[in-house]
Amino acid sequence: MPLTLYYHPFASFCQKVLIALYENGTPFEPRRIDLGDPASRAELAAVWPLAKFPVLRDAERNVVIPESSLIIDYLGRHYPGPHALIPADPEEAMRVHLWDRLFDNYVAPHVTKIVTDHFRPEGRHDPEGVEQAKALIAQTYALIERDLPPGGWACGDTFTLADCAAAPALFYANIAVPFAQHPKITAYYERLCARPSFARVIDEARPYRRNFPLAWPASYA
Ligand SMILES: N[C@@H](CCC(=O)N[C@@H](CS)C(=O)NCC(=O)O)C(=O)O
């Protein structure tokens with residue numbers, strides 16, 4: 001098996017790539033990284049010095065690919081399966097990339113800001129930064145609610161890279177800044193949770209929930 005994924009099942013950007021792999025039934029060797037363990041972190045840093053995951057290693061082509069969107073793009077080009085997650089049409093692909101960017105840049109990192117503030121030592125919290133992060137997520141929800149199609153997926157009838165990004169981002173964002181007052185996002189999120197690839201990702205991450213500092217909503221089975 002040429003593909004190795006360096007990842008953690010609870011990390012949202014890793015979940016994004018897992019969804020893509022599961023959508024296409026792509027075989028890979030999972031290499032679980034524990035960033036709290038120096039040896040495990042060093043193993044990741046040896047393939048990608050920034051020590052951020054996910055990272056994909058392709059032994060057959062002798063390449064290392066960091067960055068979730070690039071990994072999904074790479075998989076589609078070199079290990080295609082039944083679901084093309086990035087459309088061939090450049091205009092459609094641009095729309096998919098825009099939605100992917102929305103979730104990656106304007107939702108997920110702000111959730112990280114809110115969550116990691118809980119791990120800061122006493123006297124080093126950043127309440128203003130946390131409030132800003134919450135406001136930016138709320139602002140992005142408003143845009144998503146405005147432009148999301150009433151049914152189907154983020155960019156229409158086909159499940160794409162944008163949905164791989166959306167599912168974990170919304171899963172965690174909803175805990176930090178609930179989106180219940182946005183009916184289209186709520187219905188879309190329910191469709192994402194019913195998608196077998198994402199349902200599997202949620203299941204595999206469940207054992208790690210005890211380390212999460214925010215309260216789990218009752219609706220999160
Ligand atoms: N832009 C990157 C973001 C990767 C990222 O931030 N991953 C997080 C886990 S979800 C991480 O490595 N966090 C560990 C750290 O920042 O030390 C991508 O799309 O893959």
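Tutor: Two strands pair if DSSP finds at least two bridges between them; strands are DSSP runs of E (at least two residues) and helices runs of H or I (at least four), numbered from the N terminus. The structure above is a predicted model, in which local features need pLDDT of at least 70, side-chain atom pairs count only at pLDDT 80 or more, and totals for chains, interfaces and linings use all residues. Residues are numbered from 1 along each chain as its sequence is written.

Student: Which residue of β4 is the bridge partner of R57?

Tutor: Strand β3 (residues 55-58) is joined to β4 by 4 bridges, and the two strands run antiparallel. Within this pair, D58 stands opposite V63. For R57, the bridge partner in β4 is V64.

Student: Which residue takes a positive phi in the hairpin of β3 and β4?

Tutor: This hairpin has 4 residues between the strands. A phi near 55° is found there, and the residue that takes it is N62.

Student: Which residue of β3 stands opposite Y6?

Tutor: Strands β1 and β3 run antiparallel, with 4 bridges joining them. Y6 faces a residue of β3, and that residue is V55.

Student: Which element gives the most residues to the side of domain 1 that touches domain 2?

Tutor: The protein is divided into domain 1 (3-78) and domain 2 (90-211), with bounds taken from an automatic or database domain assignment. Contact (C-beta atoms, placed from the backbone, within 7 Å) links 12 residues of domain 1 with 18 residues of domain 2. On the domain 1 side, α1 (12-23) and α3 (68-78) each supply at least two residues. With 8 residues, the element that gives the most is α1.

Student: How many residues of the shell around the ligand are charged?

Tutor: The residues around the ligand, near if the C-beta atom, placed from the backbone, lies within 6 Å, include C14, K52, E67 and D104. The element that gives the most to this shell is α1, with 3 residues. Ala, Val, Leu, Ile, Met, Phe, Trp, Tyr, Cys and Pro count as nonpolar, Asp, Glu, Lys and Arg as charged, and the others, Gly among them, as polar. The shell has 6 nonpolar and 3 polar residues, while the number of charged residues is 3.

Student: Is L143 buried or exposed?

Tutor: L143 is found in helix α6 (residues 127-147). A residue is buried if 20 or more other C-beta atoms, placed from the backbone, lie within 10 Å of its own, exposed if 12 or fewer, and partly exposed in between. Because L143 has 11 C-beta neighbours inside 10 Å, this residue counts as exposed.

Note on methods: Two residues are in contact if their C-beta atoms, placed from the backbone, lie within 7 Å.
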